[in-house]
Number of protein chains: 2
Amino acid sequence: MSTATLQSVTAPVRPSLEEFERYVRRVLRTPVPLLNLVLWYLFRRRGKRVRPALTFLSAAACGQISHRTFVGAAMVELLHTATLVHDDVVDRARERRGFPSVNALWSERVAVLVGDYLLARGLLLATQEREWEFLDITAGAVQQMSSAELRHVQLNRKLRLEREQYLEVIRGKTAALFAAACEIGAVSADAEPALRAALRRYGEDIGIAYQLVDDVLDYTGRQQLLGKPAWQDLREHKLTLPLLIALERMGPAERSEFLRRFRRQHNGADLRWMAQQVLRWGGVEATQELARHYGERAQHALEELPPSPARSALQEFAEFVLQRLW
Amino acid sequence: MSTATLQSVTAPVRPSLEEFERYVRRVLRTPVPLLNLVLWYLFRRRGKRVRPALTFLSAAACGQISHRTFVGAAMVELLHTATLVHDDVVDRARERRGFPSVNALWSERVAVLVGDYLLARGLLLATQEREWEFLDITAGAVQQMSSAELRHVQLNRKLRLEREQYLEVIRGKTAALFAAACEIGAVSADAEPALRAALRRYGEDIGIAYQLVDDVLDYTGRQQLLGKPAWQDLREHKLTLPLLIALERMGPAERSEFLRRFRRQHNGADLRWMAQQVLRWGGVEATQELARHYGERAQHALEELPPSPARSALQEFAEFVLQRLW
């Protein structure tokens, strides 16, 4: 088993990622003091910058990192941050990764407005730079993200969700922006269509794997990796794949007992019992298996690219994502 | 005094506005049932379509309405609707114009996501149609809107706001999208730069007048015109121009009594007393005066354009906006 860390994986583009921090700060300078303060707070720590790292690695794997790569990486990170800020509003989350959320520190109003600002700023960055292809790619991703979340809300409400439907939801919710990050990297390096398509497929599969691993970690309770308490999805009555698979496998009596507890305002004992059932019926294991499948498919997509340190790093990135499983 | 109605003012572009309703419905068709339902709800009634009417009139005043005019008008209306839906979330508003808000009927989550979807859909419409200038104009307007709202939040919190600062806030909050609506109309008719600039100025001034009239109506309590209870701004501790002007004119003792009441959780008696003070110190009258000034300046900007029924309609539109004052 390899021991990839995000640090080691992104080594080939480390200088660009350093420069990226300065670039984003320049992009986010505004004449509104409150906005500057909130933006400073959101971007003050380096963060993981998973998606920009994918943009830089994709560009490097196709050719050269250029100014266009910085523009694309910034768009993706601004849009991603906008969705996090809005997520915390709708979840009434007080914390994100151990720090107070924007809605907790300021207000819901400020959080909604800053999210809108970041969405618009990301898209305007592309119009200023005349990067029309980036706009096509990212505005499409934002649309996919919000409509997939809405589909999830609806399917959740009905407590009726097939495995395929769930995969469609996370394809929009999480994978669309990963795919956009990789495709934009390729476009920024003037990649030929086959490479661009391969990196888009890679990004989508990696994004699905990433979300499935997140779903698993919610059950296996590796809090330190997630920066949030275990069973958060269960607590919020969120149907995710481990639970769906467990439900498929239960007998009718067990399923109806499970759903009875899932539907009500559950207490700590309910949570523990439900989490145990999900593990016992193999929901976690089967989801891990599927995450691995998508991770491998992502690696497979990379075979289209010529060998390079950046391509190797993208291979390792897939391992890094799956490694969080162990 | 003329008796312009929105119906009579928009007569020269009535067929286009009819067609616009069908066009918007086509644009908003999605494969997500919940999203379709919410969008149907938001667009089910014809609404006032003030901004699209300005787009069509501006195009007609410069030349011909074209498919591009429809694209631009739809962008503006989608972005406007997005901001209304998000406003209702942050204001925890249960109603809008007498009907339940999206957050009241569904949830805050659904409202935030639908708002994001509409923002992205509006901008994506332009990328699909390769209308890069429209994107420049509207993404800039969205950025101005959210940053002006944030400035307002901040200035409100400090209870310190100069008249000039307030005008800057509404220039971003309300007037930016009016300016965008008119400018896009001109661009869609391939207007020469001088006409385009004139219509942009017209839109901005009309937008400021429109907001000032709204601020006045909140104090004069013409509920039927606003579709919301009187003194809503006071209730929400919102500093608007009538109040700012009244504060400027009060003596120190009155001002501190006013601010004492304004700051606390005020009751019905406080509201009535404060509203009376704002009227007594001429805050409402001075704001009416300023609204008229901007309305006239808007009409003046139109002199750049050749005479036409559409230009006359835009002149009347300014009267229609101000007429709500009486």
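Where in chain A is His237(A) found? His237(A) sits in the loop between helix H12 (232-235) and helix H13 (241-249) of chain A. Before going further, bear in mind that this is a predicted model.

**Chain A overall**

- Chain A is built from 17 helices and 2 strands.
- Its C-alpha atoms fill a box of roughly 60 × 45 × 30 Å when you line things up with the principal axes.
- The radius of gyration of chain A is 20 Å, which agrees with the value near 20 Å for a compact globule of 326 residues.
- Buried residues account for 53% of the 326 residues in chain A.
- Take the contacts in chain A between residues at least 6 apart in sequence, and 74% of them join residues at least 24 apart.

**How the two chains meet**

- The contact draws on 35 residues from chain A and 35 residues from chain B.
- On the side of chain A that touches chain B, the elements giving two or more residues are helix H3 (33-43), helix H5 (67-90), helix H7 (108-128) and helix H8 (132-158).
- H8(A) makes the largest contribution to that side, with 14 residues.
- By residue type, the side of chain A that touches chain B splits into 20 nonpolar, 8 polar and 7 charged.

- Setting aside residues up to four places away in sequence, Val114(B) touches Leu35(B), Val38(B), Val85(B) and Val102(B).
- As background, nonpolar side chains tend to be buried together in soluble globular proteins.
- Helix H4 (residues 50-62) of chain A has 13 residues and runs 19 Å from its first C-alpha to its last, close to the 18 Å expected at 1.5 Å a residue.
- H4(A) is largely enclosed by the rest of the structure, because 13 of its 13 residues are buried.

- Gln64(A) lies in the loop between H4 and H5 of chain A.
- Is Gln64(A) buried or exposed? With 11 other C-beta atoms within 10 Å, Gln64(A) is exposed.
- Gln64(A) and Gly283(A) are 219 residues apart in sequence, and their C-alpha atoms are 43 Å apart in space.
- Phe70(A) has its place in helix H5 of chain A, and Phe70(A) is buried, with 24 other C-beta atoms within 10 Å.
- Leaving out neighbours within four places in sequence, Phe70(A) is in contact with Phe20(A) and Tyr23(A).
- Phe70(A) and Ser188(A) are 118 residues apart in sequence but 8.8 Å apart in space, C-alpha to C-alpha.

**Arg171(A) in helix H9**

- Arg171(A) belongs to helix H9 (residues 163-188) of chain A.
- Arg171(A) is partly exposed, having 18 other C-beta atoms within 10 Å.
- Not counting residues up to four places away in sequence, Arg171(A) touches Ala176(A), Glu204(A) and Ile208(A).

**Two residues with positive phi**

- Arg97(A) isn't a glycine, yet Arg97(A) has a positive phi of about 50 degrees.
- Look for Arg97(A) in the loop between strand S1 (95-96) and strand S2 (99-100) of chain A.
- Arg97(A) is exposed, with 12 other C-beta atoms within 10 Å.
- Back to the opening residue: His237(A) has a phi near 55 degrees, a positive value in a residue other than glycine.
- His237(A) counts as partly exposed, with 14 C-beta neighbours inside 10 Å.

Technical notes. Residues numbered from 1 in each chain as written. Chains lettered and ligands numbered in written order. Predicted model: local features only at pLDDT ≥ 70, side-chain atom pairs only at ≥ 80, totals over all residues. Contact = placed C-beta atoms within 7 Å. Helix = DSSP H or I, 4+ residues; strand = E, 2+ residues; numbered from the N terminus. Nonpolar A, V, L, I, M, F, W, Y, C, P; charged D, E, K, R; others polar. Expected span 1.5 Å × (residues − 1). Buried ≥ 20, exposed ≤ 12 C-beta atoms within 10 Å, placed from the backbone. Rg over C-alpha atoms; globule rule 2.2 N^0.38 Å.
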